[in-house]
Amino acid sequence: MELHVADHPLIRHKVTVLRDKNTPSPTFRLLVDELVTLLSYEATRNVRVEQREVETPLTTTVGTQLAHPAPLIVPILRAGLGMLDGMTRVLPIAEVGFLGLMRDEQTLETITYANRLPERLDGRQVFILDPMLATGGSLVSAINYVLERGATDVTCVCLLAAPEGIEHVKQSVGERADVSVVVACVDEKLNEVGYIVPGLGDAGDRLYGLV
Ligand code: PRP
Ligand code: URA
């Protein structure tokens, strides 16, 4: 598993506003969207492309287009949904699969309540979206679902990650596939109830309100 920390002053600025407990939901949603657009530059560095001829007003030349089969974007509900528009904006030909995962807040185990992924993902690049990589349980479940369906090239896009969660993903993935994780910031630690510190609180609640 490869980790990429997208260190950039604009990203650090926007993450700081996200962390602020006084930032209201409308601003929070807007910033998540903007951050994904910035992170997508790093996340799509190895997106598959092919050559195509293009006629300019002056001549014919060879250019580049996104290759087929189209990439699959998988937002992890709920909070990953806040990242979907930003990602489809830069990858408009991508298709979208959905995974509904939630943490049992007592045991921190991942519960799957929705799975709308294509049967097979052989040869397709997959982009998993989830703002928070805490214990890593949710991301490991999502990665396992797509690897079981034949994906071998997976990029996870997160905003904040805890070192404990990164290690968990690294150990779980092992040598099974090409998995990279792109994050805006690696935080200090998890607290005793599995929240990222300093973090930003509960991303789903801050985007969409209390369940
Ligand atoms: C949050 C977050 C991740 C998960 C991270 O989701 O969006 O999916 O927790 O924690 P983990 O790394 O320990 O698995 P949550 O379960 O709160 O659901 P929600 O998005 O519906 O609020
Ligand atoms: N999920 C969140 O939304 N925030 C955390 O800090 C940990 C898990």
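Biologist: What makes arginine 78 and aspartate 205 a salt bridge?

Modeller: A salt bridge is a side-chain nitrogen of Lys or Arg within 4 Å of a carboxyl oxygen of Asp or Glu. In this predicted model, the closest N and O atoms of arginine 78 and aspartate 205 are 2.9 Å apart, so the pair qualifies. Side chains of opposite charge can pair when their charged atoms come close.

Biologist: What ground rules apply?

Modeller: Residues are numbered from 1 along each chain as its sequence is written, and chains are lettered from A and ligands numbered from 1 in the order in which they are written. Local features need pLDDT of at least 70, side-chain atom pairs count only at pLDDT 80 or more, totals for chains, interfaces and linings use all residues, and side-chain values use heavy atoms, without hydrogens and water.

Biologist: Why is arginine 45 called exposed?

Modeller: Exposed means over 50% relative accessible area, buried under 20%, partly exposed in between (1.4 Å probe, protein chains only). Arginine 45 has 51%, so it counts as exposed.

Biologist: Why is glutamate 42 called partly exposed?

Modeller: Its relative accessible area is 22%, so glutamate 42 falls in between. Glutamate 42 and arginine 45 also meet in a salt bridge, 3.5 Å from N to O.

Biologist: What makes the ligand 2 contact with glycine 201 polar?

Modeller: A polar contact is a pair of N or O atoms within 3.5 Å; within protein, one must be able to donate a hydrogen and the other to accept it, and residues adjacent in sequence count only if both atoms are side-chain atoms. A nitrogen of ligand 2 is 2.8 Å from a polar backbone atom of glycine 201, so this pair passes.
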